Amino acid sequence: MSQKRNSLCLLALVLALFYAPLSYSQADTVKKEKRSKLFEEATTDSEYLMAIERANEMMESAYNDADFDSASHHLFGEIKRTQSKLDLILVSLKGANPNVRNQQMYQTVLEEIQQQLEEQNKAINLRNENLEKIKGRFIELRKDKDLMALLKDTIRRKHFKKEFANLRKKYRSTDSLMTKNQGILNKKKRITVQRKIAVSNALLVVESKLEKSGISMLHKEYPFLWSINDSIPKKTVAQNIGVKIVIEEKVAAYYLSYRTGGLITLLFFMGLLAWYISRNLKYLRTNGHSENLSLFNFKYLNRGFLIPVAVIGLNIAVVSNLFAPALFIELLQMLLLGILTILFKNQWSKVAMKNWLFLLGLFFTLCFLDLFIEVGFLQRCAFIAINVLGIRYGLVQIKTLKEQLYIQGFFKWASIIFIGFNGLSILYNLFGRVSLSNMLSLTAFISLTQIVALSVLLKIILEIILLQIYTTRVKRGIEKIFDHESLSNTLKKPFVLVIGYMWVVVIASNLNIWQSLRTSLGELLSRPNNIGSITFTLGNIVLFFIIIWIAHLLQKYVAYFFGEIDDENEENVNKRQHSKLLITRLTVLIGGYLLAVAASGMPLDKLSILLGALGVGVGLGLQNVVNNFVSGIILIFDKPIQIGDVIEISSESGRVKSMGLRTTKINAPNGAEIIIPNGNLLSQNITNWTYTDNFKLVEVSIDISGDTTPDDINATIMEALESLSLVNTTKTPQIFYNAISEGKYKVLVKFWCSIYRTEETVSSARQVLFSSFKAKGLTFSS
């Protein structure tokens, strides 16, 4: 009704603008001219022209606003693409195998299409509202007094005949465009509403099928196995397989195009990882160190980098495509298992390899039956046969696989799940719960094969980290093989948590409970809780501690990526690199804590209260803690001492082992570790023997007796010191005579050597000097 009323108003305005009758007679006009115009406010032609110009500008802007812009054409393209996606899903929904994987994918895609349709509907409504506003602009023209006066004045109107003709032309073009676009929008809105209804109906069907596949639904889905009458002709079976293959291929192709962006991103990062690994391997090969990789117990990277990188990418693809169609995800699984078989070929024993291939054969057969064979007596019997073989495999043959894996902790649970799910699958199959039986069978095999793949993934990641550490150390001139086993045990702990999470997610997704678990957990974590005037959620608290844990983990392990390990040789310490590492660790910690506070959602006013309370705590009893913390930051940036320096402070001396934000650890010569608060370091005098370089001036006193001269003694001493590699000959040794008498000389020799090997160098110098003077028949004492 409102649209019809607006149209009538527009029609009346047009009639008033261009076809107004001559309602004023000539006599009336003469009378008006006779009136005195001295005190009247007469409208001039210029003001009439301005009124016509305003109307012209309004119609011009109305035409431009009524025309569809690029965003509107993009919207119409999105509507068309949504239609094609929906058509494919609706067709596939009727003919595809109703397994859990496909139904999960349909549910996810339909929910996204539903959201897209809502957004498209809102966009169409906005454009409809825009057209209504444009119509309102024409109605606003009535309020222009100059324009309305000109329309009523028939004589003056003839002087603006050309201008009115242009206005009439613009009005007609604008009206035509608005009518056309209004029809397009109405058509698009009608299609959008119809699609929303179709999506709602499809979602009901999918949710119903998922509910029937759920573990909680224990009613009979098919007849009991002993009462089924399977009379499907062989030709019909073959035709059904062909039809299902075509449908599954279309669904998988659609999902592949739907996830193209994410897969390309994954390929890009895997390409970067492959380049990074190949660069390190090439460097070691070029410098003759590639054979040393076998000393690190490398199983995969020493045979190339493409296959290990493919294993990493496929594991990530499996976990990141939880709601992919069955054919797509099972092709990923088969490709992953095929690549693992190539890796295992020369690594595993013949018995283990034979059992692994048998497991793959059962898994591939199960996937084929689940995807392409109609539910009938033969299919159900085949499933039972696979389950029986699976139970026997879990009890007898699975041990050979466990012995070949890097991590074996999860394998015990994987074995229990494998045997238990196969047993339950047989029971559900016998009593008519075929969909639940198939779901449990697939989950059993996927849980077992996935834990094998994840174990290989962990081993590859650790090998990449060890490769980086060793390559960096070789570049620094350190060829010593470090204790890689203890380092691997330290590094694998956080990765085990990640791998465990990935494994649980894959199992829960195959059981069709991951979505509900995630939803329930999200509701629990996002529920607001109140303590006094403070409102918080469990999710914010959990996120706060997770970020802090990750920050501490990163600052702890960041040194490994620069080739630093705990048993670093003191002469090979790179002080500049250690300073950068300390600053990096400090940045990671501060950034992590700030990010954790921001993620916790704590209001700034509450934070100021907390900081005020902390200030009171500092004033009452935390002065030393804050003093040490600030002193640690000053030590990191001012650098009076660095890791590896040999220092003396008060009565303590030793080599700086590590520097933290609160304390500094010093290794004493007797093996003790001295922990000194940073505040004490900064407030006392420090003797740093290695502030500029790592050399120390040492002294050796010697007594020489015999028939010789000072020149011969000097030459002998210089020759002896030059023969010692531990002596720094770039700085000339110094020889001083404390006493000289006939045949007796007391000599003080000073020379430079590494401060880390002072005692060894002095001892070697005494031995060489003794041998040199004895060879010349002189008596030597020191």
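How many disulfides does the structure hold?

Reply: The model is a predicted one, and every value below is computed from it. The structure holds zero disulfides. A disulfide would require two cysteine sulfur atoms within 2.5 Å of each other. Two cysteines may still be placed by their accessibility. Cysteine 367 has a relative accessible area of 1% and is therefore buried, since buried means under 20%. Cysteine 753, with a relative accessibility of 0%, is also counted as buried.

The aromatic rings come next. The structure contains 17 aromatic pairs. One of them joins phenylalanine 268 to phenylalanine 269, with 5.5 Å from centre to centre and 70 degrees between the planes, an edge-to-face arrangement. Phenylalanine 268 is exposed, because its relative accessibility is 53% and the exposed class begins over 50%. Phenylalanine 269 has a relative accessibility of 47%, so it counts as partly exposed.

Another pair consists of phenylalanine 544 and phenylalanine 545. Their ring centres lie 5.3 Å apart and their planes meet at 85 degrees, so this pair is edge-to-face, a label that applies over 60 degrees. Phenylalanine 544 has a relative accessible area of 22% and is therefore partly exposed, whereas phenylalanine 545, at 53%, counts as exposed.

Ring pairs can also join into a group. Phe358, Phe363, Phe364, Tyr393, Phe418 and Phe445 are linked in this way into a cluster.

Lysine 475 lies over the face of tyrosine 283, at 5.2 Å from the ring centre. In the case of tryptophan 752, the charged end of lysine 731 sits over the ring, 4.1 Å from its centre.

Finally, there is the surface. A nonpolar patch is formed there by Leu497, Val542, Ile546, Trp549, Ile550 and Leu554, which together have about 550 Å² of accessible area. Helix H20, spanning residues 538–557, gives the most to this patch, with five residues. Valine 542 lies in helix H20 and is a member of the patch. Its relative accessible area is 38%, so valine 542 is partly exposed. That value is in keeping with its place in the patch, because patches are made of residues with over 30% relative accessible area.

Notes. Residues numbered from 1 in each chain as written. Predicted model: local features only at pLDDT ≥ 70, side-chain atom pairs only at ≥ 80, totals over all residues. Heavy atoms only, no water. Patch = residues over 30% accessible without salt bridge, like charges linked within 9 Å, V, L, I, M, F, W, Y side chains within 5 Å. Areas by Shrake-Rupley, 256 points an atom, 1.4 Å probe, with all protein chains shown as cover. Salt bridge = Lys/Arg side-chain N within 4 Å of Asp/Glu carboxyl O. Helix = DSSP H or I, 4+ residues; strand = E, 2+ residues; numbered from the N terminus. Buried < 20%, exposed > 50% of the residue type's maximum accessible area, 1.4 Å probe, protein only. Phe/Tyr/Trp six-rings, centres within 6.5 Å; stacked < 30°, edge-to-face > 60°. Lys NZ or Arg CZ within 6 Å of the ring centre and 35° of its normal.
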